[in-house]
Amino acid sequence: MGFSELIRSIPNVHFKEDYPMNLHTGLAVGGKAKYFIAPETVNSVKIAINTAKKYDIPVKAIGNGTNLLVSDSGFEGMVISSKYLTSKLLDKGDIIALCGAQLSSFVRFSAGSGYTGMEGLFGIPATVGGAVYQNAGAFGYEISDYIVDVTVLIDGEIKRYSKKECGFKYRGSGFTKEEFIVSARFNFPKRRHAARRQEYYKYLSKREQIQPKGNSCGSVFKNPKGDHAARLIEGAGLKGFRVGGAAVSEMHANFIMTEDGASAKDVYSVISEIKKRVFDKYGVILTEEVEYLGVFK
């Protein structure tokens with residue numbers, strides 16, 4: 001039995017071959033994943049990863065794929081989507097969320113359960129797993145602020161890390177690509193007033209006022225210490241800069257927007273030019289938030 005047949009035989013797994021990744025990324029560009037699966041249970045994830053390891057097939061776990069740039073040549077491996085791993089529950093005053101839970105849904109769940117702390121992340125198009133991996137943040141909030149521990153799958157075994165062991169930093173963490181984030185446990189302060197349940201809509205409104213609509217990966221670059229990437233990019237005269245179907249947003253310079261017919265190469269070229277011009281003008285090396293999958297030249 002070959003690899004495809006083995007993966008198809010795993011219970012509770014949705015499986016596709018040569019899956020177009022432009023359908024599963026915020027930028028809506030990129031080639032195909034050789035294998036694409038969406039398991040319904042953590043045990044199915046475990047079996048699939050162990051099977052891929054036996055066949056020396058690289059694995060990439062994704063949530064919404066919002067900040068993922070997939071090469072036009074695709075990915076010769078297996079992509080694991082967490083789209084069905086969405087449970088959230090209360091446990092002795094803590095909230096536990098599986099990796100595929102949508103971030104906005106998680107914020108609503110925590111607020112509706114009488115807790116506060118994550119309102120600033122409402123509206124970010126990410127899953128809990130992706131947000132934990134990237135230590136997503138906005139408006140002074142970071143998802144790691146109230147994390148107690150994170151459970152991962154590595155080398156076929158479940159392992160739990162305390163917050164300190166996770167190595168959280170600005171827009172990053174200590175998790176490796178070999179670790180599949182299964183879930184995270186949070187401990188939030190109790191709300192003092194019921195009216196604050198709707199506070200997250202205030203942040204959603206702010207986000208809509210400053211961020212462009214359309215195909216993008218959100219913020220492309222991390223903010224340099226004491227500065228903002230958008231200010232540097234705009235200062236380098238790059239608002240509206242375009243390569244093919246990809247362009248720097250006129251509304252927010254740290255966003256790259258794509259249109260029909262755009263390629264991953266277009267986006268990569270815009271990113272490269274931004275880094276070059278900002279360095280030439282300010283001597284600052286911008287670091288990407290966007291994650292690359294596949295081969296780029």
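1. Which residue of β12 is the bridge partner of Val150? The partner is Ala184. Strands here are DSSP runs of E with at least two residues, and helices are runs of H or I with at least four residues, both numbered from the N terminus. The two strands concerned, β10 (residues 147-154) and β12 (residues 180-186), run antiparallel and are joined by six bridges.

2. On the basis of the note: this is a predicted model, in which local features need pLDDT of at least 70 and side-chain atom pairs count only at pLDDT 80 or more, while totals for chains, interfaces and linings use all residues. Residues are numbered from 1 along each chain as its sequence is written, and side-chain values use heavy atoms, with hydrogens and water left out.

3. The chain contains seven helices and 16 strands. Its radius of gyration, taken over C-alpha atoms, is 20 Å, which agrees with the value near 19 Å that a compact globule of 297 residues would have; the globule rule is 2.2 Å times the number of residues to the power 0.38. The C-alpha trace spans about 55 × 50 × 30 Å along its principal axes. Of the 297 residues, 51% are buried, a term that means under 20% relative accessible area, whereas exposed means over 50% and partly exposed lies in between (1.4 Å probe, protein chains only).

4. An open sheet of five strands has the order β6-β7-β12-β10-β11, with antiparallel pairing; two strands pair if DSSP finds at least two bridges between them. At its edges are β6 (88-91) and β11 (157-162), each of which pairs on one side only. From one strand to the next, the twist averages 20°. Helix α3 (residues 103-112) packs on this sheet and touches β6, β7 (94-98) and β12, its direction making about 30° with that of β6. For these angles, axes are lines fitted to C-alpha atoms, for helices over the stretch in contact, and the angles run from 0 to 180 degrees between N-to-C directions.

5. The largest nonpolar core has 30 residues, and Leu103, Phe106, Val128, Val132, Val150 and Phe175 have the most contacts inside it. Such a core is a set of buried Ala, Val, Leu, Ile, Met, Phe, Trp, Tyr and Cys residues joined through side-chain atoms within 4.5 Å. At least two of its residues come from each of β7, α3, α4 (128-134), β10 and β12. Another core, of 26 residues, lies apart from it and includes Leu69, Ala246, Ile274 and Leu286.

6. Beyond its neighbours within four places in sequence, Val150 is in contact (heavy atoms within 4.5 Å) with residues including Val132, Tyr161, Phe168, Phe175, Ile181 and Ala184.

7. Lys92 is in the loop between β6 and β7 and counts as exposed because its relative accessibility is 83%. Arg171, in the loop between β11 and β12, is buried, with a relative accessible area of 14%.

8. Gly117 belongs to the loop between α3 and α4 and counts as buried, at 4% relative accessibility. Leaving aside neighbours within four places in sequence, Gly117 is in contact with Tyr141, Tyr146 and Phe188. Gly117 and Phe241 are 124 residues apart in sequence, and their C-alpha atoms are 37 Å apart.
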